[in-house]
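Here are a few exercises to work through with the model open in your viewer. Try each task before reading its solution.

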Amino acid sequence: MATLVGQLIFPSDHGHRFWEDPSFIKWRKRDPHVSLHCHDTIEGSLKYWYDRNNVDSLAASSAVWGDDAAFKAIDNAAFWVNELPFVKSLSGYWKFFLASSPTNVPMNFYGSEFEDSAWENLPVPSNWQMHGFDRPIYTNVIYPFPLDPPSIPVDNPTGCYRTYFHIPKEWKGRRILLHFEAVDSAFFAWVNGTPIGYSQDSRLPAEFEITDFCHPCGSDKKNILAVQVLRWSDGSYLEDQDHWWLSGIHRDVLLLSKPQVFIADYFFKSSLGENSLYADIQVEVIIDDPRKSIDDNILANFITEARIYDTGKWYECDGNIDLHSLNVVHMELDLSPSAVLGFHGFILKGTLQMPRLWSAEEPNLYTLVIILKDASGQLVDCESCQIGIREISLAPKQLLFNGNPITIRGVNRHEHHPRLGKTNLESCMVKDLVLMKQNNINAVRNSHYPQHPRWYELCDLFGVYMIDEANIETHGFDLSRHTKHPTLEPSWASSMLDRVIGMVERDKNHACIISWSLGNESGYGPNHSALSGWIRGKDPSRVIHYEGGGSRTPSTDIVCPMYMRVWDIVKIANDPTETRPLILCEYSHAMGNSNGNIHEYWEAIDSTVGLQGGFIWDWVDQGLLKDSVDGTKHWAYGGDFGDTPNDLNFCLNGLTWPDRTPHPALHEVKYVYQPIKVSFREKIIQIENTYFFETTRDLEFSWILYGDGSAIGSGLLSLPTMEPQSSYHIEWESAPWSSLWASSSAAELFLTITTKLLKSTRWVEAGHVLASTQIQLPPKRKSIPHVIKMVDTSIHCECLGDTLTVSNQHSWDIRINVREGIIESWTVEGVPVMNKGILPCFWRAPTDNDRGGKGSNSYASMWKAALIDNISFISERCSFQKTTDHIVEVTVVYIGLPKSLENTSETERSKAICKFEATYTIYGSGDVIVDCKAEPRSDLPPLPRVGVEFHVDKSLDQIKWYGRGPFECYPDRKEAAHVGVYQQNVDDMHVPYIVPGECSGRADVSWVAFQNKVGLGIFSSIYGSSPPMQLNASYYSTAELDKATHNEKLVKGNNIEVHLDHKHMGVGGDDSWSPCVHDKYLIPPVPYSFSLRLCPITTGKSCFDIYKSQLPN
């Protein structure tokens, strides 16, 4: 041991490199266990949870994402141990030095005499890369160092930390434990120059007893804690998750004080009786006695008790509350021989009558208090936690929770703070949960490692189902043909098992955890069999999840594929030989402008037995806050820190931005996840309560009937209370909107049914919209548009050189370049409204999904290979004639050529990519009807869009439209966007995805107006039999959106670029690395015909009146 310790103190090239030895993963580290609180009284334990559970949505409002977050992290550390007299936080500013490798650390830096005044100050907890030391690295699959296990590069940044502490005099005679909640990736620790331990696993605690190494309690002498943290270790080979590689002491460091004999661990278990009328409960308790007394001696000298308190009723009482009065179970020691082989603790048992069950819908919690007394009845030690009574089981093709086949409406969540990296703040965790609950997310997968202990308490409290995942991922091994996955190597077995054991032992009492996961993307082999075997023996009350090896191995209780297509999951669900339920561990890859097709997954899930939901990838864009040259801050991604290798922006896959501002796609997620479903069939409105445990008693239902975008009636729906999993039918004739519908002359009628909360909850105020569904109704009668009368609307037509001028006195003026076939200018009452247009457009700035694919396989690659991004439209023919005093007709035929051929001969024009004919019929009223015929070459790939592009003056920045909105939506992501009349500023239309691309679209638009501050502008609508169009308007050109690598690098143009698309391709989202837009949302290269109407709009003019009028033939 002396040699071992000597090598441990002095890591060098001559000694054993422990950080490259998979068999050496810890030294002097205590066994894993639940979080300990070291209470001094039962009252203290109850008060602790009373205060700790007093958290709601208000806490989310104090979430911080900028530079002040570092101070908040230290404050949080103190807050989390408040009211715990025998727990002391060591978090704060520590002395820090970054060495280039473990062998280049300052000599004896851990010693008591070492002078550290010249060192920098670094906050703990933190990642040192977030404070200017070293650099963050982002990779998805590839390791940031050569794949040569278990070897680690010699260049291995190593953080040296030093801090000082005193032991309170009140702790005299007690044992002292040093507890690191998490350190990345491996570390050695010393107290007063003595080595006290080594640990790996960047996401789980490491605890060491330091009683014998500290100065006496109350001594004036400062204790010195030194820690040496290695950026890379052999453990890093098991930590190849898709996130930023960040290092350091990133969770809290605590001192725990315990009596000589203390409660070291405990495991709560419950079993529901018939009809859930009672629950049999037991607690397995481990006592730590340094004398290693046999059980009988402990029984003779100590008394072990357990009590359960009804936490929920604490907050129902007014004024002063006696926390003790809500003790509902007093558990007694079971002296019969333990049925658990090898268990050397104590079992306490009891029965809880009429238990209030825990679920994500009704997260009822109790407080469990474990008490250790001496023979005289004096309290020696006390521990506590929150518990929930619930039961998880499997039935054929179903995961049952409290007997019900719940639906997982989930999301994957990395721990990520844009300023702190992997360090957590309470308010930010609450913000995540509040946003999730408000958007109908009921489940989270901890991707891909155990997370901060407070996260589990909050999930218990707010009500979120959880998959807890071991810190194991070896994805980078997939890239090597010569290196075996660790799961196939016995040398890695103990390290993998240690991570699974540590997770289960720490988190085993949390009600929210429904499944343990063996890790992520780590292949499959014998080591996984060992991991699943250990869990099944330890905790058969939960199911096991593991996707590796094809998601259907014997080591998983759930079929849990990632990114499987909807038709394939239905196929598995209908396979009679597969009896396990299917829950997608990852689906709907939310990278940039994404999440298309998600409604198709939920149409299948809601209608297919065996499909029970899934977890979207993922919750938050993992952008880091970075200072720009000009002093501003922006979101950075892989490569922005000079990090190599890197996977660029593949870390930006969230439903929210890094500061938790929701992406537009989160609206769609809320819609498909909403628990109240409304449908319309055969003159019956069906309202369905898809909750499994909650009734609709506390919900309010309302309706609004819209005709052509205007509300024509509304009211509350008086519905009987619907039990869980039940529905209510409203007959059409008896519906409160029936008479309004019957008398309406509107061409389009939409009924919106909205469900709101009547009472405030922990996560939202009363009045929150839980669900909202819009249904298009058949029109009662055909709408007859009125015809514009052409009175005093004669027009003047003049052609000088290449310019054709068409005007109506001083009302409006259109100038067309007849050589190029474009409108050069359009003025209304002397105000310029259009300054370039109208041209065909087939190209869009590629989204992340458009770029996804290997080599030439992506849509963007196919488009660029076909030169769709490089089309120059040449006017092949332009003719005009004044057909009457009121009408001028202009016909332009364009051919679309690659820009490199735009000045070539007629013979080269046979290489045209497309042909486009536009006929402008200009009326004296100022109306322009544009009849378009597009003929793309038949050998082209699916097209990004088919439509027209024009530019309006930048002063026309007020946009009003009738179509889907108000938020961004696309043909395959528009279920949540209701049809209505909306108004926004052009700036506000822009969606600032961190990496720019096609964005800001609005689907199913019938008309749109662009107006200046006084109401002057231009109106456009569909015309004739043309269907609604896709609208896009932006200060940023398509070329600019395609060129910029970051949103803050976008440069506004001098006008507003407008796109009105007859067809627009979906955004996709089944994944982001293959062309996967569903067929129905693709645009094949075939001929298209459509018509648009444009006209001036002046102050006070009604858009709807313009729209419903038509022009004479």
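**Exercise 1.** Which residues in α5 meet which residues in α6?

Solution. This is a predicted model, where local features need pLDDT of at least 70, side-chain atom pairs count only at pLDDT 80 or more, and totals for chains, interfaces and linings use all residues. Residues are numbered from 1 along each chain as its sequence is written, and side-chain values use heavy atoms, with hydrogens and water left out.

- Step 1: list the contacts (heavy atoms within 4.5 Å). Glu426, Met429, Val430, Asp432, Leu433, Val434, Met436 and Lys437 of α5 touch Arg454, Trp455, Leu458, Cys459 and Phe462 of α6.
- Step 2: sort by class (nonpolar: Ala, Val, Leu, Ile, Met, Phe, Trp, Tyr, Cys and Pro; charged: Asp, Glu, Lys and Arg; polar: the others, Gly among them). The α5 contact with α6 has nine nonpolar, no polar and four charged residues.

**Exercise 2.** Find out how enclosed helix α11 (residues 665-673) is.

Solution. 

- Step 1: pick the buried residues (under 20% relative accessible area, 1.4 Å probe, protein chains only). They are Ala665, Leu666, Glu668, Val669, Lys670, Val672 and Tyr673.
- Step 2: seven of the nine residues are buried, so α11 is largely enclosed by the rest of the structure.

Key
Helix = DSSP H or I, 4+ residues; strand = E, 2+ residues; numbered from the N terminus. Buried < 20%, exposed > 50% of the residue type's maximum accessible area, 1.4 Å probe, protein only.
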